Amino acid sequence: MKWPKTITIKEVGPRDGLQNEKIFIPTKDKIAWINELSKSGLTSIEVTSFVNPRWIPALADAADVMAGINREPGVSYSALVPNRQGLERAFAADIDEAAVFMSASETHNVKNINKTITDTLPVLKEIVQDAKAADKKTRGYVSTVFGCPYEGVVDIEAVVRVTESLFDMGIDELSLGDTIGVANPRQVQEVLDVLLKRFPADKLAMHFHDTRGTALANVLASLDMGITVFDSSVGGLGGCPYAPGASGNAATEDVLYMLHGMGIHTGVNDRQILAASAFIQEKIGRALPSKNLQAAGAHDK
Ligand code: HMG
Ligand code: MG
């Protein structure tokens, strides 16, 4: 296999990780955690969400978190933005990057953002255009690419249509989400085989949830296909409250362990990530799914 020499990790723990937690992590702890992550060599951190706080109470302090963190040079601080109101809040908080999101399957789209796919597109188009006009980077997420919690199998043509619509809006990068962690490496390669005929590999990122233990295998399958950007979450936190059965993202420290062991450079310091993982595990108050965090704990005993 010919592996890429360098890949980029995009840390989504503070957003995807915390949005699914029942407890509210105090703002000062979120800030301290993100400040640690900022010093680890990561170049991209998804800090929070400017969604309706009634839908995602765990991130109701989005503006205070953005205002409280130290901005390290070379790190892009992004946030989810669902609509015009969210974009105005995100601009006021001076985000570096706006991440818009929608699903390939109709039912998850409606459950998650209260609109049909057709009605979502003009809303996101306006956000992307305004964010670009304000010199912000833009990212698009497509959820339920590999399966939907409500509809089951998702037609690849539906993924292509939504992906194309988001690229037509002018997004800088698109992240393909296995929202409920159902994908397997063969399916990942089949889906990428179709998408890479239409969209460039360097504009695509993969976002694997590890509900069934296939996330690392799916990262490897994507590497084989030439993908070089991966979303992951410290501790393996994560999940979408509007996707029943969704659990954590691929754990950042597990992805790093695999990639670094394979001689692939990420620029991220694994020890600092493990320390940040232990910090948030203690605040959450239960063992997190990350294998390397648990292995490090066992080793320390
Ligand atoms: P809605 O209820 O249809 O919105 O929600 P609305 O425009 O009808 O407004 C209703 C109320 O919400 C109004 O307040 C608005 O002011 C307020 P009221 O008059 O009733 O007091 N409102 C807002 N408040 C603050 N910020 C805003 C905002 N917008 C409206 N931005 C909406 C539509 C999209 C807002 C809602 O459905 C929502 O917030 N959804 C977010 C759900 C979410 O965050 N899901 C998880 C993230 S996606 C994910 O995890 C997948 C991903 O990780 C990839 C993968 O894994 O596949 C990205
Ligand atoms: Mg996710």
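In which kind of crossing, left-handed or right-handed, does α4 pass α6? Before you look, note that this is a predicted model, with local features needing pLDDT of at least 70, side-chain atom pairs counting only at pLDDT 80 or more, and totals for chains, interfaces and linings using all residues. Residues are numbered from 1 along each chain as its sequence is written, chains are lettered from A and ligands numbered from 1 in the order written, and side-chain values use heavy atoms, without hydrogens and water.

Start by selecting helix α4 (residues 84-92) and helix α6 (residues 117-133), which pack at about 20° with axes 10 Å apart. Because angles under 35 degrees count as roughly parallel, α4 is roughly parallel to α6. The crossing is right-handed (the near helix is turned clockwise from the far one by less than a right angle).

Next, show the side chains in the contact (heavy atoms within 4.5 Å): Arg84, Leu87 and Phe91 of α4, with Glu126, Ile127, Asp130 and Ala131 of α6. These contact residues divide into four nonpolar, no polar and three charged.

Now move to the magnesium ion (ligand 2), coordinated by Asp16 (OD), His207 (NE2) and His209 (NE2) at 2.0 to 2.3 Å. Donors here are N, O and S atoms within 2.8 Å of the metal (3.2 Å for Na, K and Ca), and the site may look incomplete because water is not among the atoms. Asp16 sits in helix α1 (residues 13-19) and His209 in the loop between β7 (204-208) and α9 (215-224), so the pair ties together parts 193 residues apart in sequence.

Finally, color by accessibility: Asp16 is buried, at 2% relative accessible area, and His209 also counts as buried at 2% (buried means under 20%, with a 1.4 Å probe and protein chains only).

Key. Axes fitted to C-alpha atoms, helices over the stretch in contact; angles between N-to-C directions. Helix = DSSP H or I, 4+ residues; strand = E, 2+ residues; numbered from the N terminus. Parallel < 35°, antiparallel > 145°, perpendicular 65-115°, else oblique. Nonpolar A, V, L, I, M, F, W, Y, C, P; charged D, E, K, R; others polar. Buried < 20%, exposed > 50% of the residue type's maximum accessible area, 1.4 Å probe, protein only.
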